[in-house]
Amino acid sequence: MRGPRRWAYVAMRRSLEPVLNGVLSALGDARFNLDVEVQNRKVARLYGMAKRDQWNLDDLRERFFPPNHDGIESVEALNDWLGVSDEVRVAAAKCFSSFYYGEHGARMVSAQLTNMMPTNEAAKFMATQVMDEARHVEVFEGILGFIDRVHPMNPFLSAFMSDISRTKRTADKLVGMNLLVEGLALSSFRMILKNLKSGLNVSERGYRAIGEPIEQIVRDESRHVGFGVITLPDQLGALSRSEKAQLRVRQLVWLALLYGSVKFHQRDQEIMGLDYLELLMDVIDDHEHRVHECGGDALVTTERMKSLIPTMDRLVDRFLKAEAR
Ligand SMILES: [Fe+2]
Ligand SMILES: [Fe+2]
């Protein structure tokens with residue numbers, strides 16, 4: 001190619017180059033450029049622990065849930081096997097169904113957070129949390145399949161988890177997921193474990209089918225809360241005053257939904273000998289403790305949260321009565 005044709009070709013190539021660069025940078029907006037240098041050693045250490053402590057339900061399935069129901073052929077025989085009454089078994093299945101849906105929600109939100117993390121080690125840790133939550137879903141599938149079935153989803157929990165999954169800001173999503181939801185899970189699981197042993201006096205094999213799998217989950221959830229407490233100070237510190245104000249309002253809405261999620265099972269909890277207000281106080285106290293650890297002024301105080309309890313109690317009661325009609 002010579003003369004004017006060559007010049008025209010070169011000019012055309014030059015004019016296409018910026019277009020091509022523009023197209024490539026628009027299409028290639030994924031986060032592949034995270035620094036390989038560790039930014040936060042505590043997060044890197046937590047990632048190491050998460051890898052070390054992975055476990056497979058299949059290795060424990062026969063210990064937890066005897067194959068073929070261990071020859072249990074009727075509901076009465078199952079109650080006997082577990083060492084509980086029929087009423088307690090069904091109430092537990094209704095509460096555990098909320099745990100099951102909560103774990104599904106946690107799996108979805110932690111998958112979103114994996115793509116929002118600002119550092120390589122935080123993104124890798126979050127990927128382990130996604131796997132943990134998938135395993136927790138599997139555990140509750142196992143427990144519920146063994147003791148009863150999956151019951152329909154609690155509407156407050158559905159709204160709570162859906163709103164956290166809709167939230168766009170990383171700090172807000174972390175507060176909702178790794179402080180509030182994980183905090184609720186930890187307090188609920190600990191209360192259930194204590195109750196299985198001392199309140200309900202379930203049989204040894206009944207505890208093996210329900211208590212032991214939950215004990216395994218508690219270890220994972222403690223790691224998830226720890227991640228929130230380690231990473232939130234930087235996230236919260238980067239928020240503007242108006243973003244902090246928005247986060248406070250959002251927490252109040254989430255607290256109301258968390259309250260409704262727990263109170264929705266008031267009757268089931270009473271049958272199991274649990275006090276839903278004690279559980280809520282436990283969640284709120286732990287939340288405040290963690291907030292202090294994060295050094296954040298973007299979070300709601302326990303005092304403020306507790307002052308809202310009577311109003312929320314009335315609202316949830318009204319909703320549940322309307323639902324029952
Ligand atoms: Fe979980
Ligand atoms: Fe979790």
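Trainee: What share of the 325 residues of the protein counts as buried?

Mentor: The share is 36%. A residue is buried if 20 or more other C-beta atoms, placed from the backbone, lie within 10 Å of its own; 12 or fewer makes a residue exposed, and anything in between partly exposed. This is a predicted model: local features need pLDDT of at least 70 and side-chain atom pairs count only at pLDDT 80 or more, while totals for chains, interfaces and linings use all residues. Residues are numbered from 1 along each chain as its sequence is written, while chains are lettered from A and ligands numbered from 1 in the order in which they are written.

Trainee: What is the mean pLDDT of the protein, and where is confidence lowest and highest?

Mentor: The mean is 87, and 95% of the residues score at least 70. The scale, pLDDT, is the predictor's confidence in each residue, from 0 to 100. Helix H13 (residues 302-307) is lowest at a mean of 73, and H2 is highest at 97. Where pLDDT is low, the predicted coordinates should not be read in detail.

Trainee: What makes up the secondary structure of the protein?

Mentor: There are 14 helices and zero strands. Both are DSSP runs numbered from the N terminus: a helix is H or I with at least four residues, a strand is E with at least two.

Trainee: Why is His136 called buried?

Mentor: His136 has 25 other C-beta atoms within 10 Å, so it counts as buried. His136 sits in helix H6.

Trainee: Which residues of H2 are buried?

Mentor: They are Val43, Leu46, Tyr47 and Ala50. Seen down the axis of H2, these buried residues fall within an arc of 105°, so they line one face of the helix. The arc is that of the directions from the helix axis to the C-beta atoms. An α-helix has 3.6 residues a turn, so residues three or four places apart point the same way. Arg41 and Arg52, on the other side of H2, are exposed. H6 and H9 are among the elements that cover the buried residues of H2.

Trainee: Which residues does Phe125 touch across the fold?

Mentor: Leaving aside neighbours within four places in sequence, Phe125 is in contact with Val43, Leu46, Tyr47, Ala50 and Phe227. In the largest nonpolar core, which has 71 residues, Phe125, Ile143, Phe160 and Leu258 touch the most other members.

Trainee: What makes a set of residues a nonpolar core?

Mentor: The members are buried Ala, Val, Leu, Ile, Met, Phe, Trp, Tyr and Cys residues joined through C-beta atoms within 7 Å.

Trainee: Which residues of H12 are buried?

Mentor: They are Leu279, Leu280, Val283, Ile284, His287, Arg290, Val291 and Cys294. Down the axis of H12 they fall within an arc of 130°, so they line one face of the helix. On the other side of H12, Glu278 and His289 are exposed. Gly295 follows H12 and has a positive phi, near 65°.

Note on methods: Contact = placed C-beta atoms within 7 Å.
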